[in-house]
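Student: I have just opened this model and would like a guided tour. Please take me through it one question at a time.

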Amino acid sequence: MIFRAGMRLVVVHNQVMMRIERYLRVPENATEAGGILIGCYRGPHIEITECSEPLRRDRRAQLRFDRDDPGHQGLAKRRWTESGRTHTFVGEWHTHPGFSSTPSGIDLKTWREVTRNNLAGSSVFLIRGGDGWWAGLGAGRILTRMSIVPPDDE
Ligand SMILES: [Zn+2]
């Protein structure tokens, strides 16, 4: 799937989309799920090749996901080393099972913090809700909603 914000594209590998969508189905849809997005920067564009999934120490609730397990950041660090410093944390994802994918006030607040802490790069924010995807790009302190590029234009 490809998302666009102005001239910038974010390419998400199908495998990543499918992994996330699994958390909308029984039994995983009883609570929110989430993780980080791992990928690489390609000029102004971002390619997302992998995602982490909920880990034991994360807190999952019906309307809340807190990524508390240090394993997510551990995975990003491993990929950074293994890839020769090309693949790293490029953002995060979570689900809104059965609800709209529109970000909550807490989501926007969290994303602003992530964007501020990642001034060197851009951050991608994905929500998969009951009504589809919501994608945002945080860059230079500004969060922009991305549109979906129709498959025919890919
Ligand atoms: Zn949310």
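**A tour in questions**

Student: What is the relative accessible area of Thr31?
Tutor: Thr31 is partly exposed, a class between buried (under 20% relative accessible area) and exposed (over 50%), with a 1.4 Å probe and protein chains only. Its value is therefore in that middle range, at 21%.

Student: Before we go on, what kind of model is this?
Tutor: Residues are numbered from 1 along each chain as its sequence is written, and side-chain values use heavy atoms, leaving out hydrogens and water. Local features need pLDDT of at least 70, side-chain atom pairs count only at pLDDT 80 or more, and totals for chains, interfaces and linings use all residues, since the model is predicted.

Student: Back to Thr31, then: which residues does it touch?
Tutor: Thr31 is found in the loop between α1 and β3; helices (H or I, at least four residues) and strands (E, at least two) are DSSP runs, numbered from the N terminus. Counting contact as heavy atoms within 4.5 Å, and not counting residues up to four places away in sequence, Thr31 touches Arg60, Ala61, Gln62, Thr95 and Pro97.

Student: Where is the cis peptide bond, and which residues does it join?
Tutor: Look again at the loop between α1 and β3, where Pro27 lies. Omega is about 0° at this cis bond, and the residues joined are Val26 and Pro27.

Student: How far apart in sequence are the parts that the pair of Tyr23 and Trp93 ties together?
Tutor: Rings of Phe, Tyr and Trp (its six-membered ring) pair if their centres lie within 6.5 Å; planes under 30 degrees apart count as stacked, over 60 as edge-to-face and the rest as tilted. Tyr23 and Trp93 form a tilted pair, 5.7 Å centre to centre with 45° between the planes, and both residues are buried. Tyr23 lies in the loop between α1 (14–21) and β3 (34–42) while Trp93 is in strand β7 (residues 88–96), so the parts they tie together are separated in sequence by 70 residues.

Student: Which residues do ring pairs link into a cluster?
Tutor: The structure holds three aromatic pairs. The cluster linked by ring pairs is made of Trp111, Phe125 and Trp134.

Student: Which residues supply the protein donors of the zinc ion?
Tutor: Donors are N, O and S atoms within 2.8 Å of the metal (3.2 Å for Na, K and Ca); water is not among the atoms, so sites may look incomplete. Here the donors lie 2.0 to 2.6 Å from the zinc ion, and along the chain they follow the spacing H-x1-H-x10-D. Two of them use NE2 and two are OD atoms; the residues are His94, His96 and Asp107.

Student: Why does His94 count as buried?
Tutor: His96 also counts as buried, at 7% relative accessibility. His94 counts as buried because its relative accessibility is 6%.

Student: With which residues is Asn118 in contact?
Tutor: Asn118 lies in the loop between α3 (105–117) and β8 (123–129). It is buried, with a relative accessible area of 17%. Leaving aside neighbours within four places in sequence, the residues in contact with Asn118 are Tyr41 and Ser123.

Student: What is the phi of Arg141?
Tutor: Arg141 sits in the loop between β9 (132–139) and β10 (142–148), where it is exposed, with a relative accessible area of 56%. Its phi is positive in a residue other than glycine, near 75°.

Student: And how far apart in space are Trp133 and Pro44?
Tutor: Trp133 is found in strand β9 and counts as buried, at 11% relative accessibility. Its contacts beyond four places in sequence include Met1, Phe3 and Ile148. Pro44 is 89 residues away in sequence, and the C-alpha to C-alpha separation is 22 Å.
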